[in-house]
Amino acid sequence: MARAHVPTANGTTMNGATSLVKSLEAANVDVMFGLPGGAILPAYDPIFDSTIRHILVRHEQGAGHAATGYAQVTGRAGVCIATSGPGATNLVTPLMDAGMDSVPLVAITGQVPSAAIGTDAFQEADIRGITMPFTKHNFLVTKADDIPRAIAEAFHIATTGRPGPVLVDIAKDALQTQTTFNWPSKVELAGYNPRITPDSQSISDAAALIAQSKKPVFYVGGGVIKANASRELAQLVELLGAPVVTTLMARGAFPDSHPLHLGMPGMHGTVAAVTALQKADLLITLGARFDDRVTGKLSTFAVNAKIIHADIDPAEIHKNKFADVPVIGDLRETITALIPALKSALAKNQPDLAPWNASMQKLKKTYPLGYTLPEDGSLSPQAVIERIGKISGTDTIFTSGVGQHQMWASQFISYEHPRTWLNSGGAGTMGYGVPAAMGAKVGAPDSTVWAIDGDGCFQMTNQELVTCALNNIPIKVAIINNESLGMVRQWQTLFYEGRYSNTSLESKRVPNFPMLAESMGCVGLSCERPEDLDATIEKAMSINDQPVVVDFRVHRDAMVWPMVAAGTSNDEIMIARATAPDWDSQEL
Amino acid sequence: MSIHTIEVLVENEPGVLARVSGLFARRAYNIDTLVVGPTSNPEISKMVIQVNLEGHSLEQVIAQLDKLISVISIEELVEGSKQPVRDTQPDYQN
């Protein structure tokens, strides 16, 4: 355990429910998001007296994503709690989401009494079986005596190594039985020993390979943020002076304003970032996992590059892409060790990176991210997102849903700091934005928190605005309302001959978003004309005692560019419809 | 030959067989045979699994198995042609 904490309650007799709450207190939990029901009800009695703040959500999915938002902002484990059956299954999406994005999450669920397990009892669901594929680990606790150890192990597993979600399912009778509380002084698991310190040989191999490279690029993933290694990364980048790309999960790990930053790679990455990976002779991969959204057609990805792959999870090595030099360990330790090793390697052989840097800078300058304003003078979704970013500043925390608005928020907002960009990267969970913003605001109450949401996403989870209004969690929500499932519509435009099957949401007619927001105790604003854009954002910025929802009624046909179509090679990146970069004018 | 035999020591706890067999199923690894039995330590069970790799690398199968908290150790019984397969994932459209 990171913190030795011997609770004064050790040795005291209490019931399992109190033991659960004392365990959560011993694990230094300060807030949890949840909703009670029959099987978990015994736990809610001691929760009533606990120092832990419990935030009563309106749907368990909201609790799960809020816990994720809290975890992503603070770096600590997020905690959510629900009852058995449907309460527990409503946590399935957030748990899967947290698994895909390596979020430390602890979910507590009530289970039917142990004698009833397997009888199809009321509100019985095998949530341990259901969540086995995407939790890092899970527990079914049927004895009161086992509760403290399960909770201690859950937090240890969730927050160490590659972080991930852990579920603890507790039978109702275990909560009701008397027990002697005993918080374990340390956690030891025979089958769990994450490798933290990288092997010194792999560090020197990596340094040697870097010093031989003429076209290296730092391929930075979300692991750098998880490992709190941004400062060390900046030192390493300065030392080598090579270009950097940050994946969707790594936006903010390295400042966007840095000249060596080429932007985001992948399906909607910048031409410079995508091309840097394609043309590199070395990928210095730090906490990234060669996701299909980054690599495009794998057999054509970075074909001339050697690969250094640094990750805390050994199973990521060679999973999608063979690594010439694997480095397994915590990324902050890895980068810290790599800096002196690279210094001495460069002292022997200093490669000239100037031609490579020059060609990448030329690409960056020739193909910046951009968009055209709608010809009819209506509101541009990209402009809305860009202005929100500019007006609210780089200390703001942004969350998003999934789709076009998510890609624009990753492209047109400048991220300077880690943990300021929260989104559902691996899972692509529509509806993540509002509850994640709620959790983020609870974790960082002094920061401005904007959810950049779509009209489709917003309609999946907006009920948590009631939770925000009632619990003094004044988030701001920008609905980028294009009255469509915009990204699906974009694919229909490009790949299905404009046959818009079931993507029109008509959300400029129904619902009335400002009225919906007002009904939930929020301030509802609306903006339709470009000339009102800044004033509307400033109005939203001026309200800090209530959640604010702004219905930005934007043009429907805007598309996300650049784009590498699914299943195609990164070499086929398009900067606009049927428009490839002018490669002939580039020297690569 | 793409069939390998591995011996996996696991925590003897309810659901552990589901954890292991579920992992094989969801990652599309083929089990040819699987035997579970006790060891001298009542807290530890032994699984002997014949895995038919069919394009997957043994390294990757072992690495994924090792991520299961309930798995204590993994050993290949007869050392086969254990070599990393370069870029094993086929191209696909997603």
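**Figure 1. Contact between chain B and chain A in the predicted model.** Chain B brings 24 residues to this contact, and chain A brings 23 residues. On the side of chain B that touches chain A, the elements giving two or more residues are helix H1 (16-26), helix H2 (58-67) and strand E4 (71-76) of chain B. H2(B) gives the most, with 5 residues. By residue type, this side of chain B holds 7 nonpolar, 9 polar and 8 charged residues.

**Figure 2. Chain B and its order of elements.** Chain B has 2 helices and 4 strands. Read from the N terminus, the elements follow the order β-α-β-β-α-β. The chain has 94 residues, and buried residues make up 19% of them. Contacts in chain B between residues at least 6 apart in sequence were also sorted by separation. Of these, 69% join residues at least 24 apart.

**Figure 3. Domains of chain A, with the contact of domain 2 and domain 3.** The domain assignment divides chain A into domain 1 (13-180), domain 2 (200-366) and domain 3 (381-553). Between domain 2 and domain 3 of chain A, the C-alpha centres are 31 Å apart. Domain 2 puts 13 residues into the contact, and domain 3 puts in 12 residues. The side of domain 2 that touches domain 3 has 6 nonpolar, 5 polar and 2 charged residues.

**Figure 4. Packing of helices H1 and H7 of chain A.** H1(A) covers residues 16-26 and H7(A) covers residues 147-159. Their axes come within 9 Å and cross at roughly 30°. Angles under 35 degrees count as roughly parallel, so H1(A) is roughly parallel to H7(A). The crossing of H1(A) and H7(A) is right-handed. From H1(A), the contact residues are Gly16(A), Ser19(A), Leu20(A), Ser23(A) and Leu24(A). From H7(A), they are Ile147(A), Pro148(A), Ile151(A) and Ala152(A). The contact of H1(A) with H7(A) counts 6 nonpolar and 3 polar residues, with no charged ones. An α-helix has 3.6 residues a turn, so residues three or four places apart point the same way.

**Figure 5. Helix H5 of chain A and its cover.** H5(A) runs over residues 92-100. Its buried residues are Thr93(A), Pro94(A), Leu95(A), Asp97(A) and Ala98(A). Among the elements that cover these buried residues are helix H3 (60-74), E5, H6 and strand E7 (165-171) of chain A. Ser102(A) follows H5(A) and has a positive phi, near 55°.

Figure 6. Lys172(A) has 25 other C-beta atoms within 10 Å. The cut-off for a buried residue is 20 or more, so Lys172(A) is buried. Neighbours within four places in sequence are left aside in the contact list of Lys172(A). That list holds Ala39(A), Pro42(A), Gly110(A), Gln111(A), Val112(A) and Pro113(A). Ala17(A) lies 8.9 Å from Lys172(A), C-alpha to C-alpha, and the two are 155 residues apart in sequence.

**Figure 7. Two cis peptide bonds in chain A, at Pro511(A) and Pro562(A).** Most residues other than glycine have a negative phi, and most peptide bonds are trans. The bond from Val510(A) to Pro511(A) is cis, with omega near -5°. Pro511(A) sits in the loop between helix H21 (486-495) and helix H22 (513-519) of chain A. The bond from Trp561(A) to Pro562(A) is also cis, with omega near -5°. Pro562(A) falls in the segment after strand E19 (548-553) of chain A.

**Figure 8. Positive phi at Gln123(A) and Glu497(A).** Gln123(A) is not a glycine, yet its phi is positive, about 55°. Gln123(A) belongs to the loop between strand E5 (105-111) and helix H6 (127-131) of chain A. With 17 other C-beta atoms within 10 Å, Gln123(A) is partly exposed. Glu497(A) is likewise a residue other than glycine with positive phi, near 55°. Glu497(A) lies in the loop between H21 and H22 of chain A. Here 7 other C-beta atoms lie within 10 Å, and Glu497(A) is exposed.

Notes. Residues numbered from 1 in each chain as written. Chains lettered and ligands numbered in written order. Predicted model: local features only at pLDDT ≥ 70, side-chain atom pairs only at ≥ 80, totals over all residues. Axes fitted to C-alpha atoms, helices over the stretch in contact; angles between N-to-C directions. Parallel < 35°, antiparallel > 145°, perpendicular 65-115°, else oblique. Left-handed = near helix turned anticlockwise from the far one by under 90°. Contact = placed C-beta atoms within 7 Å. Nonpolar A, V, L, I, M, F, W, Y, C, P; charged D, E, K, R; others polar. Domains from an automatic or database assignment. Buried ≥ 20, exposed ≤ 12 C-beta atoms within 10 Å, placed from the backbone.
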